[in-house]
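Q: I'd like to learn how to read a few features off a model. Can you walk me through them?

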Amino acid sequence: MLEVCLPGTGGMIPLPHRWLTCCWIEEQGAAILIDCGEGTQIALKKAGRKAPRIELLLLTHYHADHISGLPGILLTLANSARKHPLTIAGPVGLKRVVSALTVIAPRLPYELKLIELTTPEDFAQPLYLPNVGGHRDGESPVRVTALPLDHGTPCLGYRTELVRKPVFNPDKAKALDIPVQYYKRLHAGEAVTLEDGRNIMPLRVLDNARKSISVCYFTDTKPFPEMVDFAEGVDLLIGEGMYYDESMRDKIDEKNHMMFSDSAWLAVKCGAKKLWLTHYSPALERPSDGERMVRRIFPQTTVSRDGEKMKIGGE
């Protein structure tokens, strides 16, 4: 089950009632944080998110409203007595940007593992969320891939997937007279040898495989066709919505951003189950005024507010 939260939903500058856009995705006490603009520490606290759970920090790009809160996040983790590494991934320039920002946070008690995503192979190679249920990096069932976006500067969208085990069928196990202590190993896909010498393969006690749970995150980009394939069939699409008023179209296109309608049509085309809008212009005082319009395009749209949250895949 993935727990998803938007601690902040604003673009450009934080407002008294709206923190800057960031996204929290958690599984079994380990969390991914996407972006960390000014005030993200406060936004996380207000949303009830526990910063020490961050294991993977993904940066979409290096504009201030998405990155300027990094030193504060790193120091918060340091003050939580963290000792194990933190992985930070982002587009080309990551090492230079992190080096500059950590001038004011120079002595961290943990290692920063920096991963620059610069080539098609990098984008397709999954990043793994470590420490999920005790699993380390390469064994984690939570994996992230990236897509280069169109923002006029290196910028990435991210797709997070939780690969779920097939359903374990205890009735099948009982029919084979398998002791309970072997159930967990069989469910994990491991063959076991019983005390009576029988070798039991996992397929004998498992039912059909379950579809992965997926969340796709796009902000700060013009829409383009490859986004549809990248987000195909996602359970939750989180998409940018700078404005809902189509009279702002020329301004938004010029600055390489998306309107409410752009994200809604993307949700239609990729077959998303739900859409959350985020990254509103500070000039957009009441994003909810665009809700009726955008739901005419994609009915399962939420005009998100700070702290928006849901759990996906609890069944």
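This is a predicted model: local features need pLDDT of at least 70, side-chain atom pairs count only at pLDDT 80 or more; totals for chains, interfaces and linings use all residues.

Q: How many disulfides does a search of the whole structure find?

A: A disulfide is a covalent bond between the sulfur atoms of two cysteines. The cut-off here is a pair of cysteine sulfur atoms within 2.5 Å, and the search of the whole structure comes up with 0. Take C270: the nearest cysteine sulfur belongs to C216 and is 7.3 Å away. For C5, the closest one is in C22 at 7.8 Å, which is too far for a bond. C5 is also buried, at 0% relative accessible area.

Q: How many aromatic pairs does the structure hold?

A: A pair of aromatic rings is described by the distance of the centres and the angle of the planes. Rings of Phe, Tyr and Trp (its six-membered ring) pair if their centres lie within 6.5 Å; planes under 30 degrees apart count as stacked, over 60 as edge-to-face and the rest as tilted. This structure has 4 such pairs. In one of them, F218 and F230 have ring centres 6.0 Å apart and planes at 45°, so the pair is tilted. F218 sits in strand 12 (residues 213-218) and F230 in helix 8 (residues 226-230), so the pair ties together parts 12 residues apart in sequence. Helices (H or I, at least four residues) and strands (E, at least two) are DSSP runs, numbered from the N terminus. F218 is buried at 0%, and F230 counts as buried at 14%. F260 and Y280 make a tilted pair too, 6.0 Å centre to centre with 45° between the planes. Ring pairs link Y244, F260 and Y280 into a cluster.

Q: Which residues does H66 touch?

A: Contact means heavy atoms within 4.5 Å. H66, in helix 2 (residues 64-67), touches residues including D35, C36, H61, D220 and H279, not counting residues up to four places away in sequence. At 0% relative accessibility, H66 counts as buried.

Conventions: Residues are numbered from 1 along each chain as its sequence is written. Side-chain values use heavy atoms; hydrogens and water are left out. Buried means under 20% relative accessible area, exposed over 50%, partly exposed in between (1.4 Å probe, protein chains only).
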